[in-house]
Amino acid sequence: MERSRRNSAQRTASVVLAAVVVLGTGAAARPAAAAPQSAGPVRAAPGPGSFRLADIPAKDGVVLKADVFTPPPGTPGADPQGRYPLVVQPASWGQNDLEYVAQGHALAGAGYVVVTYTVRGFWASGGEVDVAGPKDVGDISTVIDWALARTPADPQRIGMVGLSLGGGLTLLGAAFDPRIKAVASLSGWADLTDSLYSGQTRHLQAAAVLAGIQAPTGRKSPEFARVLDDLFADRDLPDVIRWADTRSPARYLDRINANGTAVLLANAWGDSFFNPGQITDFYQRLTVPKRLELRPGDHASQEFTGLLGLSNAAWSSARSWLDQYLKGAGADAGAGSEAGSGVPADRRLPVDLEVRPTGRHESHPDWQSVATRTDHLAVGADTLGDPAAGPWHRTVLGDLPSGAHAGVALLSGMVEQALHQPPTAVIPLLARPAAAVWQSQPYPQGLSVRGAARLHTSVSSTSPDGTAVAYLYDVDALGIGRLVSHGPQSWSGRTPGRPFPLDVTLFATAYDVPPGHRLALVLGTRDALYGGTTPLGSTVTLASTPDDPTELALPVR
């Protein structure tokens, strides 16, 4: 089939915007295939320093569309047999093999054989969308086998780099193909269940954006179509969870550790799809060589300029990681000496953070060192952090907007990355019937929040099912609150009117509250990002008693 390198995909404005932010639609587009093409030879004659298009046949007959980049003549890094390290790059969600053209050329110029490919079900690759299922995982090994047989690739030096869907696939490749020595997962996931259903709450806005991007670019399998329908309809969720668990690298952590694959994780604090909490949990359980980088931004927004061939911290770090573990370039080269970081490579530590909202760098030896203590803030009737707070109760109306919100999927994190402006709310104007609000005294020296805050309270409701969303704000003298973090938590099957303990874990962050600002804690029952279960017209009562006090555990340094 004839393939076009530079056709623009004409879609609705919302899908175009989401695709640009999430997946880098600056990459060239390919026309989608109506049916799988039969396996064939490489369609352009190979040559030194070449770029060519290729068809890679999978074991089930599906053909994967791919690009192959080989180093120019005389490029350093070859072994005595003239073979170079191999880097495999699966395309992002809704994208194709030409997404990584700029990075492929750069890696080939640095002495790597690079094979990028369109994941099955998308664009001109055959088959149906498997969402990192067993077929997608099997395709990783197929691509490696093909590259070893048809390119000057070294079987002892194999790595993977991927963005979004490609990032998740790199971690699954590390689990299922022991030949892979190093991976860089950029805006990927570790726990797909937590990404779709953290706090037992459906992340419907993010799921809708993903479905909207997939619709014009790929072909859903019947299984994926059923899972999406069940998620939106709030039915058969145990089956949805089982489906997502199968696609979660965290489930195969023992395999990754046993294989010894070096793992780089680079994500955004505000990722609308893959929250940073599941990434930090996964990182802590890895026993292999590892590195964690977290920056302000949203899903794939940090990496976008690298797809255009521009200087980019995440891609620079991925390149350093490959140099260290595939070329033996030394610990300094692999320490993540990102362009523009201002920190020498030999002084960088494995956990590298850009602190919100300023983007200031901070490095630590491990995630446990990010926070130096946990402040346990008593939650009073309307105060936060008052040790003399007594018993109280507060009733809010269910499923009403309060004015507190976590932003819009993809857009809010991108705005914060560009303008250092998180989602905001005017705290004095929040609708008190729809949310409970507590404020601290000003912090004269400021406060450095590091990690995942946790709220504990007691709840009773007139409905057996419900959802609570907790927000933590940085509040200035005018009462303008900038979102530090938030988190949802749902419950089901509770006896109406009977109190039960509720614990809400907010998403991990690193945020510096300026001197003189306050903290505000808000608890509501509705946010547009989530599929809440609190019925309209119900009430939710929060309470604090001497035997079960309401408290916010806040990690700081």
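**A tour of helix packing and aromatic pairs**

In this predicted model, helices α6 and α7 are roughly antiparallel to each other. Begin by selecting residues 204–214 for α6 and residues 222–233 for α7. The two helices pack at an angle of about 150°, and their axes lie 11 Å apart; because an angle over 145 degrees counts as roughly antiparallel, the pair falls in that class. Viewed along the contact, α6 passes α7 in a left-handed crossing.

Next, display the side chains at this contact. From α6, select L204, A207, A208, A211 and Q214; from α7, select F224, L228, L231 and F232. By class, the contact comprises 8 nonpolar residues and 1 polar residue, with no charged residues.

Turn now to the aromatic rings, of which a search of the whole structure finds 12 pairs. Select F176 and Y252, an edge-to-face pair with 4.8 Å from centre to centre and 70° between the planes. F176 belongs to helix α4 (residues 165–176), whereas Y252 sits in the loop between α8 and α9, 76 residues apart. F176 is partly exposed, with a relative accessible area of 32%, while Y252 is buried at 13%.

How values were computed:
Residues numbered from 1 in each chain as written. Predicted model: local features only at pLDDT ≥ 70, side-chain atom pairs only at ≥ 80, totals over all residues. Heavy atoms only, no water. Axes fitted to C-alpha atoms, helices over the stretch in contact; angles between N-to-C directions. Helix = DSSP H or I, 4+ residues; strand = E, 2+ residues; numbered from the N terminus. Parallel < 35°, antiparallel > 145°, perpendicular 65-115°, else oblique. Left-handed = near helix turned anticlockwise from the far one by under 90°. Contact = heavy atoms within 4.5 Å. Nonpolar A, V, L, I, M, F, W, Y, C, P; charged D, E, K, R; others polar. Phe/Tyr/Trp six-rings, centres within 6.5 Å; stacked < 30°, edge-to-face > 60°. Buried < 20%, exposed > 50% of the residue type's maximum accessible area, 1.4 Å probe, protein only.
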